[in-house]
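This report describes the fold of one protein chain for a reader who is new to structural analysis. Please consult the sequence and the three-dimensional view while reading.

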Amino acid sequence: MPYLLLPVLALTLLALGLAALLNVCAHRAFPLAACAVTGVLYVFGLFGLLRAGLFAVYALAAGAGVLLAVRAYRQRLPQGTGGALLLWALFLGVSIYENLGNAFIGWDEFSHWGLAVKSMTLLDALHTSPASIATFKDYPPAATLFEYFFTRSAPAFREDAALIAVNLLFFSLVMPAFALTRGRGRAGQGLLLTLIVFLLPTV
């Protein structure tokens, strides 16, 4: 599980750094951070430099960390930082608990995206590479790139890392909804929204 530390930390720093730059609630920046990771990796991947894209993302996260340190010193952290971090930690814990040690079992995992992320991890190239074992090479690699960001940090390819990543991608996209539950007297709304978020994938 230590292999998850670096990508999770980088994603968190990027989210809070973007919140600080854009002056928005911390909850609202997590989808932007996920898109930033995917976008940077995609651009580098187009030039055959997918591995270098990882270092670019980590460099951006380091820059975000410096910005946050300065903001913390000046007591100007983004609004809702504490609540967003607690919620993100909850989502991370659930994702790890549900997926740690799991393997691909579904049809799509064997017909496309599981093969795609495995190829990308082993080749450090987009799934469109001639050496890739991906079946559908014309599919856009958005979610797969986000999963690559997590699987590449492990010493060897791990299917559970891809599953944890796709869970965190989903959770990052629903984080902004929780910005509406900030403030006094809204704890019940937050609890209800949390319940809906955990039930939604089963519908």
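## The enclosed helix α7

In helix α7, the buried residues are Thr-144, Leu-145, Phe-146, Glu-147, Tyr-148, Phe-149, Phe-150 and Thr-151. The structure shown is a predicted model. Because eight of the 10 residues of α7 are buried, this helix is largely enclosed by the rest of the structure.

Which helices surround the buried residues of α7? These residues pack against α1, α2, α3, α6 and α8.

## Overall composition

The chain contains nine helices and zero strands. Read from the N terminus, its elements follow the order α-α-α-α-α-α-α-α-α.

The chain has 203 residues, of which 48% count as buried. Among contacts with a separation of 6 or more, 68% are accounted for by residues 24 or more positions apart.

## The largest nonpolar core

The largest nonpolar core has 54 residues, and the members that touch the most other members are Val-37, Leu-41, Trp-88, Phe-146, Phe-149, Phe-150 and Leu-168. At least two residues of this core come from each of α1 (5-22), α2 (30-46), α3 (50-73), α4 (81-99), α6 (113-123), α7 (142-151) and α8 (159-174). Helix α8 gives the most to the core, with nine residues. As a general background, nonpolar side chains in soluble globular proteins tend to be buried together.

Leu-41 illustrates how such a residue is surrounded. Not counting residues up to four places away in sequence, Leu-41 touches Leu-50, Gly-53, Leu-54, Val-57, Leu-145, Tyr-148 and Phe-149.

Leu-54, one of the residues touched by Leu-41, is found in helix α3. Is Leu-54 buried or exposed? Leu-54 has a relative accessibility of 5%, and because buried means under 20%, Leu-54 counts as buried.

Leaving aside neighbours within four places in sequence, Leu-54 is in contact with Leu-41, Tyr-148, Phe-149 and Arg-152. Leu-54 and Phe-149 are 95 residues apart in sequence, while their C-alpha atoms are 7.0 Å apart in space.

## Packing of α6 against α7

Helices α6 and α7 pack at an angle of about 50 degrees, and their axes are 9 Å apart. The two helices are therefore oblique to each other. Helix α6 passes α7 in a right-handed crossing.

On the α6 side, the contact is made by Trp-113, Ala-116, Val-117, Met-120 and Thr-121. On the α7 side, Thr-144, Leu-145, Glu-147, Tyr-148 and Thr-151 take part. The residues of this contact divide into six nonpolar, three polar and one charged.

## Packing of α2 against α8

The axes of α2 and α8 come within 7 Å and cross at roughly 135 degrees. Why are these helices described as oblique? Angles over 145 degrees count as roughly antiparallel and those from 65 to 115 as roughly perpendicular, so the crossing of roughly 135 degrees makes α2 oblique to α8.

In this pair, Phe-30, Pro-31 and Ala-34 of α2 meet Leu-169, Ser-172 and Leu-173 of α8. The contact residues divide into five nonpolar, one polar and no charged.

## Residues in the loops

Most residues other than glycine have a negative phi. Gln-75 has a phi near 55 degrees, a positive value in a residue other than glycine. Gln-75 lies in the loop between α3 and α4 and, at 74% relative accessibility, counts as exposed. Asp-124 also has a positive phi, near 55 degrees. The place of Asp-124 is in the loop between α6 and α7, and at 18% relative accessibility Asp-124 counts as buried.

Gln-79 is likewise found in the loop between α3 and α4. With a relative accessible area of 51%, Gln-79 is exposed, because the cut-off for exposed is over 50%. Gln-79 and His-27 are 52 residues apart in sequence, yet 8.7 Å apart in space from C-alpha to C-alpha.

Technical notes: Residues are numbered from 1 along each chain as its sequence is written. This is a predicted model: local features need pLDDT of at least 70, side-chain atom pairs count only at pLDDT 80 or more; totals for chains, interfaces and linings use all residues. Side-chain values use heavy atoms; hydrogens and water are left out. A nonpolar core is a set of buried Ala, Val, Leu, Ile, Met, Phe, Trp, Tyr and Cys residues joined through side-chain atoms within 4.5 Å. Buried means under 20% relative accessible area, exposed over 50%, partly exposed in between (1.4 Å probe, protein chains only). Helices (H or I, at least four residues) and strands (E, at least two) are DSSP runs, numbered from the N terminus. Contact means heavy atoms within 4.5 Å. Axes are lines fitted to C-alpha atoms, for helices over the stretch in contact, and angles run from 0 to 180 degrees between N-to-C directions. Angles under 35 degrees count as roughly parallel, over 145 as roughly antiparallel, 65 to 115 as roughly perpendicular and the rest as oblique. A crossing is left-handed if the near helix is turned anticlockwise from the far one by less than a right angle, and right-handed if clockwise. Ala, Val, Leu, Ile, Met, Phe, Trp, Tyr, Cys and Pro count as nonpolar, Asp, Glu, Lys and Arg as charged, and the others, Gly among them, as polar.
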